[in-house]
Amino acid sequence: VLEQLKEKALKRAGLEEEDVLQRVQERTDARKNKEYERSDAIRKDLASVGIALMDSPEGTTWRPAIPLALQEPVTTP
């Protein structure tokens, strides 16, 4: 089921999985070089098209998410 969701997310984003993996590697390299602004920009770019990055001690993976433009704004009281 997750693979089907990933395929749909990639199609919606107009990306191939290799494109996402390349961006993940670029972000990993940016983080290693303490280029946090670039790292954050890559994460935000992917989130805007519905690709969420998940960091763990084993590395970064991705999963489908709701594109930022379709998410409801969070309001704080």
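## Negative surface patch

In this predicted model, six acidic residues, E3, E7, E16, E17, E18 and D19, come together on the surface as a patch of negative charge. Two helices are involved: α1, spanning 2–13, and α2, spanning 17–32, each contribute at least two residues to the negative patch. The greatest share comes from α2, which supplies three residues.

## Nonpolar surface patch

The surface also carries a nonpolar patch, formed by V1, L2 and L5, with an area of about 320 Å². Of these residues, L2 belongs to helix α1, the helix that also supplies at least two residues of the negative patch. L2 has a relative accessible area of 48% and is therefore partly exposed; the exposed class begins over 50%.

## Overall layout

The protein contains three helices and two strands. Read from the N terminus, the order of the elements is α-α-α-β-β. The chain of the protein has 77 residues, of which 26% count as buried.

## The loop between α2 and α3

K34 is located in the loop that links α2 with α3, the helix at 36–48. The backbone at K34 has a positive phi of about 60 degrees, although K34 is not a glycine. With a relative accessible area of 62%, K34 is exposed.

Strand β1 covers residues 51–56 and runs antiparallel to β2, with six bridges joining the two. Among the facing positions, S56 stands opposite G59 of β2.

Strand β2, residues 59–64, has two faces. T60, W62 and P64 make up the covered face, while G59, T61 and R63 make up the uncovered one. G59, the residue opposite S56, is thus on the uncovered face of β2.

Terms used. Residues numbered from 1 in each chain as written. Predicted model: local features only at pLDDT ≥ 70, side-chain atom pairs only at ≥ 80, totals over all residues. Heavy atoms only, no water. Patch = residues over 30% accessible without salt bridge, like charges linked within 9 Å, V, L, I, M, F, W, Y side chains within 5 Å. Areas by Shrake-Rupley, 256 points an atom, 1.4 Å probe, with all protein chains shown as cover. Salt bridge = Lys/Arg side-chain N within 4 Å of Asp/Glu carboxyl O. Lys, Arg positive; Asp, Glu negative; His and termini not counted. Charge placed at Lys NZ, Arg CZ, Asp CG, Glu CD. Helix = DSSP H or I, 4+ residues; strand = E, 2+ residues; numbered from the N terminus. Buried < 20%, exposed > 50% of the residue type's maximum accessible area, 1.4 Å probe, protein only. Pairing = 2+ DSSP bridges.
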